[in-house]
Amino acid sequence: MTSYLMLFGNILLLVSGQILFKFGLQKIGGFDLVKVAVSPFIISGLALYVVATVLWFIVLTKMSLSVAYPLQSLAYILGLIAAWFFFGEVITMTKWVGVAAILFGAYMIAK
């Protein structure tokens, strides 16, 4: 159970990093390498990625890759929900069907 909690923590960190990247890019008005390099949002997102990578290393010592890696697909679902919540993106029925497919696949992998 601890392995799954660590994996979920890894997923949360990755999604949080992506949210920070999006906020940062919106704030600076697009991609500009100099502005990206000094953006607090981008730097914070990268820091979360570093922590997520360390956690991923721990997960890999405790779980098989054939289980852990496919379960990271849950990040797609959290990313979709975050896009709706933070950025007002529209979630179509097709996307919800995709979410259901991912959830079913994750269930089959974890089973």
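Predicted model: local features only at pLDDT ≥ 70, side-chain atom pairs only at ≥ 80, totals over all residues.

Colleague: How many helices and strands does the protein chain have?

Modeller: Six helices and zero strands. Read along the sequence, the pattern is α-α-α-α-α-α.

Colleague: And what does the C-alpha trace span along its principal axes?

Modeller: About 45 × 35 × 15 Å.

Colleague: What share of the residues is buried?

Modeller: Of the 111 residues in the protein chain, 31% are buried. The chain exposes about 7200 Å², and carbon and sulfur atoms supply 75% of that area.

Colleague: What about contacts across the sequence, how much comes from residues 24 or more positions apart?

Modeller: Counting contacts with a separation of 6 or more, 73% are between residues 24 or more positions apart.

Colleague: OK, switching to helix 5. Why does its end-to-end distance agree with its 14 residues?

Modeller: Helix 5 covers residues 74-87, and at 1.5 Å a residue it should span 20 Å; the end C-alpha atoms are 19 Å apart, so the two agree.

Colleague: Which residues in helix 5 are buried?

Modeller: A75, I77, L80, A82 and A83. As for spacing, an α-helix has 3.6 residues a turn, so residues three or four places apart point the same way.

Colleague: And what do those buried residues pack against?

Modeller: The buried residues of helix 5 pack against helix 1 (2-28) and helix 6 (93-110).

Terms used: Residues numbered from 1 in each chain as written. Heavy atoms only, no water. Helix = DSSP H or I, 4+ residues; strand = E, 2+ residues; numbered from the N terminus. Buried < 20%, exposed > 50% of the residue type's maximum accessible area, 1.4 Å probe, protein only. Contact = heavy atoms within 4.5 Å. Areas by Shrake-Rupley, 256 points an atom, 1.4 Å probe, with all protein chains shown as cover. Expected span 1.5 Å × (residues − 1).
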